[in-house]
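Student: Hey, could you walk me through this one? I'd like to start with the ligand and then look at the fold.

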Amino acid sequence: MKSVSHQALIIIDLQNDFCPGGALAVPNGDAIISRINQMQQSFDHIVLTQDWHPAGHKSFASSHQGKTAYEHVTMPYGDQILWPDHCVQGSEGAAFHNDLETDCASMILRKGTNPAIDSYSAFFENDHHTPTGLEGYLRERGVVALMMVGLATDFCVRYSAVDAAKLGFDVSVDLAACRAIDMEGSLAAALQDMRDHGVQFFD
Ligand code: VGL
Ligand code: ZN
């Protein structure tokens, strides 16, 4: 049975670089794909997001002299973890994982395109101010509830879910269809943050 059409499935960053063998591999990141493909059959609105950085992006450790991946720096918008180069626009690493069903999505949102600002959330860049346009897209289509899945639970899923809840959407996260990077307690912090903002968990 099709679910009511006021709920959208938001599939976050199921890209090669976040899967085993990728530049910023999330442990077992590919293990969620078959569940996500199944879920897609129950939604009328499906949005895919794609981390999509220009080469030399400021979130890359390689863009900061003397820095290595996973160190922190202070950017004009606050703290930034430095990442290995990943999801460079047009690269194989930035492509969706081959096993992910992508034909049913009505919208593909690319984020992290500003060379100077990272964007974990599908709604706002990391300055927490610059919108991506996804809120308007969803509202214009009458969507009021979101089911979020994908990679990584503690970064892009977390910030997307929290922003969506702050914007007034009814937000659920299917934890069985997410995987985490889990560094420095980031998964526990993410679960608490989402809970604090009224996000509901399914697993
Ligand atoms: C992500 C780190 C850097 C994510 C994207 O999709 O969770 N994490 N860029
Ligand atoms: Zn990124």
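Tutor: Let us begin with cysteine 156, keeping in mind that this is a predicted model: a polar backbone atom of cysteine 156 is 3.1 Å from an oxygen atom of ligand 1.

Student: And how much of ligand 1's accessible area does the protein cover?

Tutor: On its own ligand 1 has 260 Å² of accessible area, and the protein covers 100% of it.

Student: Okay, which atom of ligand 1 does histidine 86 go to?

Tutor: A polar side-chain atom of histidine 86 lies 3.1 Å from a nitrogen atom of ligand 1, while for leucine 151 a backbone N or O atom lies 3.4 Å from an oxygen atom of the ligand.

Student: What else surrounds ligand 1?

Tutor: The residues around ligand 1 include Asp13, Phe18, Leu24, Asp51, Trp83 and Tyr120.

Student: Switching to the fold, what's the strand order in the sheet?

Tutor: The sheet is open and has six strands, which pair in parallel in the order β5-β2-β1-β6-β7-β8. Its edge strands are β5 (107-111) and β8 (200-202), each of which pairs on one side only, and from one strand to the next the twist averages 25 degrees.

Student: Which strands does helix α1 touch?

Tutor: Helix α1, residues 33-40, packs on the sheet and touches β1, β2, β6 and β7, and its direction makes about 145 degrees with that of β7.

Terms used. Residues are numbered from 1 along each chain as its sequence is written. Chains are lettered from A and ligands numbered from 1 in the order in which they are written. This is a predicted model: local features need pLDDT of at least 70, side-chain atom pairs count only at pLDDT 80 or more; totals for chains, interfaces and linings use all residues. Side-chain values use heavy atoms; hydrogens and water are left out. Two strands pair if DSSP finds at least two bridges between them. Helices (H or I, at least four residues) and strands (E, at least two) are DSSP runs, numbered from the N terminus. Axes are lines fitted to C-alpha atoms, for helices over the stretch in contact, and angles run from 0 to 180 degrees between N-to-C directions. Contact means heavy atoms within 4.5 Å. A residue is near a molecule or strand if one of its heavy atoms lies within 4 Å of it. A polar contact is a pair of N or O atoms within 3.5 Å; within protein, one must be able to donate a hydrogen and the other to accept it, and residues adjacent in sequence count only if both atoms are side-chain atoms. Accessible areas come from the Shrake-Rupley method with a 1.4 Å probe; for residues, only the protein chains shown count as cover.
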